[in-house]
Amino acid sequence: MTAAAHTAPLDAGPAPRTAELGTVAARFAERTEQARRLPDEVVEALRAAGFARHLVPARWGGTEGTFGTLLRAVAEVGESCASTAWNAAVHAILGRMVSHLPEPGRQEIWGGGPDELFAGSIAPSGAVTQADGGHRLSGRWAFASGVDHASWTLLGAMAPGPEYRFFMVPRTHYRILDTWANVGLCGTGSNAVVLDDVFVPDHLSFAQAELMNGAGAQEAARPRVPFKLVNGLTFVAPVLGAARGALRSSAARLAAKTEITGKPARANPAVHTALARAGAEIDAAQLLLERAAEAADSGTAGAFERVRSPRDFAFAAELLGGAVDRLFRIGGARSQTASDPVQRAWRDVNCAVGHAVLQFGSVAGAFTTHLMDGVPKDV
């Protein structure tokens, strides 16, 4: 199938069902924060919504959907609970990543259906030794979001060679450490896992190079997608939703607020400025993210899009962080109460935009180097 066949991507299946998940996530939001992981009721609603199967190839029962649809679905859930949206995005993107496994690995993973939930800690860690028919892994991997309810976890490590590889490990082969106690995204359950001389066969491993160039998942009808085109989308889509939720909450409170002067807050020009600027920043971020998702879905993205999309993910994160900061400040002391939805969005967003993938300085160089080497026609 040629790239030209994908110039108008189509959704091969239904979008994740966000309405019920958003309702359940909102109902359990406080428990999610206190438990530092998603409650079982939210996990089951997330699974039923179809996020795990969204990017799984149709051959294995998956939806084989688009990144544009995923962006919209994750953002919608993020308006109710950023932690739930974060885990939904992680479970979805891991379905795409796991499709790079060799055929026997995909059969083992998805032979029973496409709705298994996966966690991942893909930054290289631990120690790897070569073994007959595979590798042996030992060590500790941090920040595996949703690991408490995942049946498999994808781990990154440097194999002998050296070669950066990913290893799919079943739940029975690692221990989970209760390490997640962050100020934001409290409910993602991004705990650490520990392995002690665990054998991982070759069919449950693939090279990082295959992921980065999009090779491997060729059984899918979707085009090959280099990972840089979509990696940041996983982490900024929940932020988009959280920011939209914060704007809605701020507007509702300020509309009813009486200021210390005795005048209504809605008559204060500073309130109008804060809400309007935050709304514009959120809309601008959404447009950038939609363009990046469209580029990934098109099948025609080239070298320019591979440096532009990471730039846009990082810049969208800055816009969204600035918008929520603005809303938090204009809300005054009431936005700082522990029960206020704006303060939770403020914590969640500032935690999310600190992710390494969303740091503008780390992606600026690749974009400007490409730009200076020859300005593309579509700048």
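Predicted model: local features only at pLDDT ≥ 70, side-chain atom pairs only at ≥ 80, totals over all residues.
Local features need pLDDT of at least 70 and side-chain atom pairs count only at pLDDT 80 or more, whereas totals for chains, interfaces and linings use all residues. Residues are numbered from 1 along each chain as its sequence is written, and side-chain values use heavy atoms, with hydrogens and water left out. Helices (H or I, at least four residues) and strands (E, at least two) are DSSP runs numbered from the N terminus, and two strands pair if DSSP finds at least two bridges between them.

**Strand E4 and its partners**

- Strand E4, residues 152–159, is mostly covered, with 7 of its 8 residues buried, where buried means under 20% relative accessible area, exposed over 50% and partly exposed in between, for a 1.4 Å probe and protein chains only.
- Strand E1 (residues 118–121) runs parallel to E4 and is joined to it by 4 bridges, and Ser121 has Leu155 of E4 as its bridge partner.
- Strand E5 (residues 163–170) runs antiparallel to E4, with 8 bridges between the two, and Trp152 stands opposite Pro170 in this pairing.
- E4 and E5 form a hairpin with 3 residues between them, and Gly161 in that turn has a positive phi of about 150°.

**Strand E3 and its partners**

- Strand E2 (residues 127–131) is joined by 5 bridges to strand E3 (residues 134–144), the two running antiparallel, and Ala127 is partnered with Ser138 in E3.
- The hairpin formed by E2 and E3 leaves 2 residues between them, and Gly133 in the turn has a positive phi of about 80°.
- E3 is also joined to strand E7 (residues 191–201) by 8 bridges in an antiparallel arrangement, in which Arg140 stands opposite Val194.

**Helix H10**

- The end C-alpha atoms of helix H10 (residues 303–330) are 42 Å apart, which agrees with the 40 Å that its 28 residues should span at 1.5 Å a residue, the expected span being 1.5 Å times one less than the number of residues.

**The largest nonpolar core**

- A nonpolar core is a set of buried Ala, Val, Leu, Ile, Met, Phe, Trp, Tyr and Cys residues joined through side-chain atoms within 4.5 Å.
- The largest such core has 97 residues, of which Phe51, Phe67, Ile109, Met168, Leu195 and Val236 touch the most other members, and its largest share, 11 residues, comes from helix H5 (residues 82–98).
- Leaving aside neighbours within four places in sequence, Ile109 is in contact (heavy atoms within 4.5 Å) with Val98, Leu101, Glu116, Phe118, Trp152, Met168 and Leu204.
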